[in-house]
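Colleague: I have a model open and some questions about it. Can we go through a few points?
Modeller: Go ahead.

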Amino acid sequence: MNKLLRSKLVAWLAMAIVVAVIIMTFRFRTVWWAFIDEFFAFMAVFCQLAAVYLYSLNRYIGKKLQTFATIFGVLMILSFIGEYIAYLVIYSP
């Protein structure tokens, strides 16, 4: 698992997936706060990508960026749940 987290290919694939999801779901998000989960997903992947490249230069910075990526990942999940609840409350009949 540790080797997978430090793979540049996996990090770039995750970045491509997140950017593709942002592009594909852009039309469906009608309000500004609907993008918060995608923002946190992008920040998680970006921090992980930066951690992969900077880990070889400075291990402390690499570990800190991985910690930030984990925090952004948790925030992404929480914001997705929050958006789902908000949509249910706002758009329910």
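Colleague: Glu83, buried or exposed?
Modeller: Glu83 counts as buried because its relative accessibility is 5% (buried is under 20% relative accessible area, exposed over 50%, partly exposed in between, with a 1.4 Å probe and protein chains only). This is a predicted model, where local features need pLDDT of at least 70, side-chain atom pairs count only at pLDDT 80 or more, and totals for chains, interfaces and linings use all residues. Residues are numbered from 1 along each chain as its sequence is written, and side-chain values use heavy atoms, leaving out hydrogens and water.

Colleague: Which helix is Glu83 in?
Modeller: Glu83 is in helix H4 (helices are DSSP runs of H or I, at least four residues, numbered from the N terminus).

Colleague: What is Glu83 in contact with?
Modeller: Apart from neighbours within four places in sequence, Glu83 is in contact with Arg29, Trp33, Ala34, Phe35, Ile36 and Asp37 (contact means heavy atoms within 4.5 Å).

Colleague: Different topic. At what angle do H3 and H4 cross?
Modeller: Roughly 165°, and the axes of H3 (residues 36–54) and H4 (residues 59–91) come within 8 Å. Axes are lines fitted to C-alpha atoms over the stretch in contact, and angles run from 0 to 180 degrees between N-to-C directions. H3 is therefore roughly antiparallel to H4 (an angle over 145 degrees).

Colleague: And at what angle do H2 and H3 cross?
Modeller: Roughly 160°, with the axes of H2 (residues 8–24) and H3 coming within 9 Å. So H2 and H3 are roughly antiparallel to each other too.

Conventions. Helices (H or I, at least four residues) and strands (E, at least two) are DSSP runs, numbered from the N terminus. Angles under 35 degrees count as roughly parallel, over 145 as roughly antiparallel, 65 to 115 as roughly perpendicular and the rest as oblique.
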